[in-house]
Amino acid sequence: MHFFVRTPLLRPVLLRSSFSKRTMSTHNHLSDDCIFCKIIKGNIPSMKLVETDKTFSFMDIDPLSEGHMLVIPKYHAEFFHQVPDEYLADALPVAKKIAAAAKLDQYNVLQNNGKLANQAVPHVHFHVIPKPNEETGLGVRWKPIKPSQDALKAKYEEVKGNL
Ligand code: 5GP
Ligand code: ZN
């Protein structure tokens with residue numbers, strides 16, 4: 001008698017708790033007021049490419065060239081160095097997969113950090129940008145600063161000392 005009464009009560013409780021855990025683990029590293037977090041949650045539509053449990057990829061809405069794609073970790077962080085290793089380890093194979101699927105010949109994989117470095121959306125993202133010709137795609141200004149050997153070595157020692 002006891003058995004029959006308790007079983008139906010227990011089952012809904014167990015189902016509810018496992019469902020809420022799953023929801024938490026999917027979204028608990030996302031921010032409520034970030035455009036890319038909203039894309040991950042499906043609150044803002046996107047042209048989704050590959051999705052894994054840690055990564056989301058989609059077409060850039062304002063492409064620099066035809067086939068410009070984005071790869072984002074499902075972890076809200078503004079800067080690259082703030083993203084846990086497991087999310088970074090998952091993201092690059094996704095970038096590789098979509099670059100291969102788009103059959104890109106020449107292209108740039110770009111990741112900007114901070115406004116000065118051209119970052120507009122403060123959620124870490126990797127661009128995959130086709131470079132079909134000189135005019136289209138990413139333009140890079142590459143102006144070496146030509147430091148002295150001493151300055152080069154001083155910076156090297158500083159970084160190495162912090163590792
Ligand atoms: P960032 O300058 O931050 O490195 O690049 C941000 C990129 O996100 C830009 O290329 C921009 O076009 C893209 N972007 C911004 N908002 C949206 C959006 O709502 N949907 C999509 N698909 N791309 C976006
Ligand atoms: Zn975010």
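Two strands are said to pair if DSSP finds at least two bridges between them, and the strands themselves (E, at least two residues), like the helices (H or I, at least four), are DSSP runs numbered from the N terminus. This is a predicted model, in which local features need pLDDT of at least 70 and side-chain atom pairs count only at pLDDT 80 or more, while totals for chains, interfaces and linings use all residues. Residues are numbered from 1 along each chain as its sequence is written, and chains are lettered from A and ligands numbered from 1 in the order in which they are written.

Five strands form an open sheet in the order β1-β2-β3-β5-β4, with antiparallel pairing; its edge strands, β1 (48-51) and β4 (107-110), each pair on one side only. Within this sheet, β3 (residues 69-73) and β5 (residues 126-130) run antiparallel and are joined by three bridges, and Met69 stands opposite Val128 in β5.

Turning to the loops, Asn118 is found between β4 and β5, and its phi is near 75°, a positive value in a residue other than glycine. Most residues other than glycine have a negative phi. Asn118 counts as exposed because it has 9 C-beta neighbours inside 10 Å, where exposed means 12 or fewer other C-beta atoms within 10 Å, buried means 20 or more, and partly exposed lies in between, with C-beta atoms placed from the backbone. Lys146, in the loop between β5 and α4 (149-162), also has a positive phi, of about 50°, and is exposed, with 7 other C-beta atoms within 10 Å.
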